[in-house]
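Please open the model in your viewer and keep the selection tool at hand. This tour goes from one side chain to the next and says what to look for at each stop.

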Amino acid sequence: MNRKWISLALAVVLAGCGTQQPASENAAVTAVPPANEQAPEPMPSPETIKPGEPGGLPDDRTPVEEGPIDAKSAQGAGQVLQLFGGLLEQRKFAEARKLWSDGGKASGMSEAEFIAAYDKYAEIHSEVGAPGQMEGAAGSAYVEIPFRLYGKLKTGTPFNLVGPVTLRRVNDVPGSTEEQRRWHIYRSGLKPRP
């Protein structure tokens, strides 16, 4: 706030009180900024972001299915993504990489590169959103699921990554292996969010 605005605010307040004292440039005034000037809102820390808020997952109010989950269903894919996040939280990076398609190769990194990429985090937490509709193509099933990773880097800086993760499984076609018929991470759209 500049001094001119403070002086003007004090003059208006004093005029409203019926006093005729001159406004001083050094007057201590606690003033509210004009209605058209809003103080910027502080960004929430990643730990406090809730679904539906900027930097969080979509706010999906559809109830989650209860009871046994079919491993071949979209909910089964959600469980695999939940396991992936849990392994990252436990710092079991090599095991987490194995949940990617082609024995981890779909991550685009060797095991050593994958471990190094996640080792920069001191603290990792995850959230899994509601799976989308399963889609099929060329003998495979795909499902996209909102996902969030957040926590702190080893430098102490907070991080927040949000985006869709696509999982894929081969349908029950002749010649497919049991491993191919399981859900695996196929593609990640995680991006930094404020």
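The stops below follow pairs of charged side chains.

Before selecting anything, note that this is a predicted model, in which local features need pLDDT of at least 70 and side-chain atom pairs count only at pLDDT 80 or more, while totals for chains, interfaces and linings use all residues. Residues are numbered from 1 along each chain as its sequence is written, and side-chain values use heavy atoms, with hydrogens and water left out.

In general, side chains of opposite charge can pair when their charged atoms come close. A search of the whole structure finds eight salt bridges, a salt bridge being a side-chain nitrogen of Lys or Arg within 4 Å of a carboxyl oxygen of Asp or Glu.

Start by selecting D172, which is partly exposed at 46% relative accessibility; here buried means under 20% relative accessible area, exposed means over 50%, and partly exposed lies in between (1.4 Å probe, protein chains only).

If you now include K72, you have a network of salt bridges that links K72, R169, D172 and R181.

For the last stop, select E179 and R182, which form a salt bridge with their closest N and O atoms 2.5 Å apart. E179 is partly exposed at 40% relative accessibility, and R182 is partly exposed at 39%.
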